[in-house]
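Hello,

Here is the structure for you to look over. My notes follow below it.

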Amino acid sequence: MRSLLRACRHCRRLALVSSAVEPALPADCYGSWRRHCVLAVQCLPMGTSAGKTLPWEAPSRETLLRTIDFALKDGNVDDALQAFGNYKSLHGLPEPQVLNSMIVSLSYMSSRRWLQRAFDMVLSVHQCNGNLLNYSSLMRLALALARDQMPVPASTVLRIMLDSGKLPDVDMLTMVFLHMLKSQVGSYLAADVLAESCQCFLEQIRDRRQLKKLDPLKKNVTLFNMVLESCVNFKCMIKAQKLMELMSLVGVVGDINTMVIASRVFEMVGQRDELISMKRSIDYFALLPFIQHYQHFYESLLNLHFKHNDMDAAAQLLVDLHQQQKPHAFLGDSVHKQCIIQIGSGNLKTGYRIMFDPTKVDKGFILDIESQFGLLVVTDEIILPSEKALARLIIGCLKAKKVRTLSSFLITLYKEDVKGPSLTDVISACIQMGWLHSAHDILDDLESAEIPVTIGTYMSLLRAYEKENKPKEVNRFLQQIQKVAHTMAEFHTNPSFTIKDIAKIVEDEIPLTNSSLLSSLVEEIEHYRYGEYLTFEFNNSILFFCKANMMDDALSTYKRMREQNIRPSLHTFCHILCGYSSLGMHREISILWGEIKRRLEYGELAVDKDLLDCLVLNFLKAGYFARVMEVISYMSKHKIYCDKWKYRQVFLKLHNNLYRNLNSLHDRTEDQIKRIEDVRAFRSWAGVNW
C-alpha cells in the first residue's frame, strides 16, 4: 500500500508539471490525478511486493533489512551481500543482530569465497565499531576458517576478540587450534594466540579473589598439550619456552602427556639439568600403566647425555632403568603425590614450576608415542636400551677412552641378565670395526670380573691381530689364552692345552657373523662428531647464565667459545637473544643481529623463523625501524611467514604517534629524514595509515 501511495504522489507531481506546460484542461483536477494513479498502478510489474523498491525511489532502511532477511532465509547470499552493501552506504552499519545473522550464514557456506567475504566483513566492522560484533558468531567464523585451512584469517578473528577484551571460549578455542595445528604457519599462529590469551586472562586478575577467572584455562590441559607438541614438531624453541612459563603463571596442572612434551622441549633446548631434576620424582612411577609415556622422558634424557658426551651418566641411566623396574623398588604411598616440572632456577623468584599428575592422562588428547630417537624400546613392559643406544654408548666410550665405563656397563648387563646383545656380540662387533685394542681391554675386564667368554671370541681377536701383522700382540695374546684356557668349557677335557693347539684352532676358519649391532655401529659412526659435545657444553653454560640474568658471564662464555674455534649453533644465539630480551637490552640485540646475519650469509646457521620473529619484536619495541625492515625483508626473501597483525599491534601500542608532528617541519636532519622513511616503510608494509 505504501508503494502504491508513493506512486500516486509521483503521478500527481507529473500531472502538475504537465499542467504547467499544456493548456489548462476544463475537467476537474481530482479526476485527472486518479487517472494518473491508476496508470501508475498498471505500470507496476507483476509480483511487486512490499519488500521490493520502485525504480524511482531510494531503498528505505526497513526495505533493505527485509531484503537481507528474506535473502538469508532463501540462501541467496549474493542478494544479501548486495543489500548489506547498500544499507552500509546509505545508513551505516546495521544492528548487531543483522551482522550476526550475516556472519553466521556466511560461516556455514562451504565455499572459501564466502568465508573470505565473511572475514572481510568482520574486519570492516571492527575498524568502524567493534562493539557491534557478536562473539559467538566470531567463534563460529574462526572455526569455519580453521577447518578450511585458513589459519591467518582464523587467528585474526580470535585476536579481534582479544583486542576487544573478550576471552574466547576455551573449548571452542581447542577445536579451532585442532585444525590450525595441521600446518606450520597455523602452529606459529596458534602458539602466539594461546600466549596472547593467557596474557589477556592474567591482565584481568587484580587480586586473589579473581583467580577463578583462570579456571577455564587451568582445567584445559589439552589446549596446552596440543600447542606445545606442535612447537616441538616444528622446532619453535622460543615459543615453547614462553608457553611453558605461561602454563606456570596460569597454574595449569598437567598430566603425563605434559611431562612427555616438556621433556621433549627440554631436550630440544638442551636443558639437561631440568630433566635430571624431573627424574628424581618420575623414577617412582615407571611401573605404572603408562610405561610407554615414561619411555619418552628417559629417551630425551639419554639423548642429552649422549649429546654432552657424558658416557658415565648414559651408562648409569641405562643401569638404573633396569634396576628401578624391579617390583620391590616401588613400595609406599609415593604414587599419590604430584610431580614438579622445574623451569630454570629452583629459586621461585626467577624460576617457574608446572605441577603434573603422574597417574593421570587426558583422554581428549592423543600423544604420538612413537619413539623420537630410537634409543629405548619397551619389551614385556620393561624399558630396555636399543641396539642404536648401545652403539652410541660403545662409540662414545671408545672415542672418549672410557673403556672401563663400557666394561662395567656390560658386566652389569650380564649379571642382571638383561635381554639384548650378548658380550660376544659386543666384542665381535668391535673386532670387525677394527677396534682391536679396545676389544682386548674389554676381554681383560671381563676376565677380572670372572665372567666366562667363549673360545671363539678369543680366536676372532687372535686372527684379527695376525691379519693386522702384529706379532707382539699375537704372542702376548697367545700366552693370555693359555692362562685362561682351563676356565673355558671347551678345554676342560684337555688339561694339557698348549699354544700349538691354539694355532691349530686359528687355522680352522671360525667365521665372524655380521650381527645387527655391527650394522648399528656402522650407521652411528657415520653421524658421530667428536667435537660437537663441546658446543652443547658451552650452550648449556650460556643458557644457565641467561636464565639467571648474568649476561656478562654469558658473553664471556661466548667469547671463550669463539677463542677455542668452536662454532656457535642456533641454540647459542637463541639463548643470548632471549637473555637480552628479558632485560630490554635492545642495543646489544642490534649488535647480535649483525653477528647472526653474517653467519646466515655464510651458511653457518640455519634460517629459523622463531629467532627472526623474536628479533623483529625486540626491534619494534626499541623503535629500530631500519632493523625491523631489514629482518622483515630477510624473512620475505626466504619465504618465511611474517605475522603482520602481531607486528602492527605492537606498533600501534608503542609508536602510533611517532613522527606525526615532524611532517609539518621544514628543517630536518638527515637522521630524522632516514628515520621517518623507515617508519613510513613499516606503516606501508603493515597497512597502518598516518
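Which residue lies over the face of Y188? K609 does, at 4.7 Å from the ring centre. R113 has its charged end over the ring of W114, 3.9 Å from the centre. A charge sits over a ring if NZ of Lys or CZ of Arg is within 6 Å of the ring centre and within 35 degrees of the ring normal.

This is a predicted model, where local features need pLDDT of at least 70, side-chain atom pairs need 80 or more, and totals for chains, interfaces and linings use all residues. Residues are numbered from 1 along each chain as its sequence is written, and side-chain values use heavy atoms, without hydrogens and water.

The whole structure holds 12 aromatic pairs (Phe, Tyr or Trp rings, the six-membered one for Trp, with centres within 6.5 Å). Y458 and F477 are stacked (planes under 30 degrees apart). Their ring centres are 5.8 Å apart and their planes at 20°. Y458 is in helix α22 (residues 455-467) and F477 in helix α23 (residues 471-484), so the pair ties together parts 19 residues apart in sequence. Helices are DSSP runs of H or I, at least four residues, numbered from the N terminus. Y458 is buried (under 20% relative accessible area) at 2%. F477 is buried too, at 0%. F625, Y647, F651, F682 and W685 form one aromatic cluster.

A554 lies in helix α27 (residues 551-563). A554 is buried, at 1%. Leaving aside neighbours within four places in sequence, A554 is in contact (heavy atoms within 4.5 Å) with I542, F545 and C546.

Best wishes

Methods. Helix = DSSP H or I, 4+ residues; strand = E, 2+ residues; numbered from the N terminus. Buried < 20%, exposed > 50% of the residue type's maximum accessible area, 1.4 Å probe, protein only. Phe/Tyr/Trp six-rings, centres within 6.5 Å; stacked < 30°, edge-to-face > 60°.
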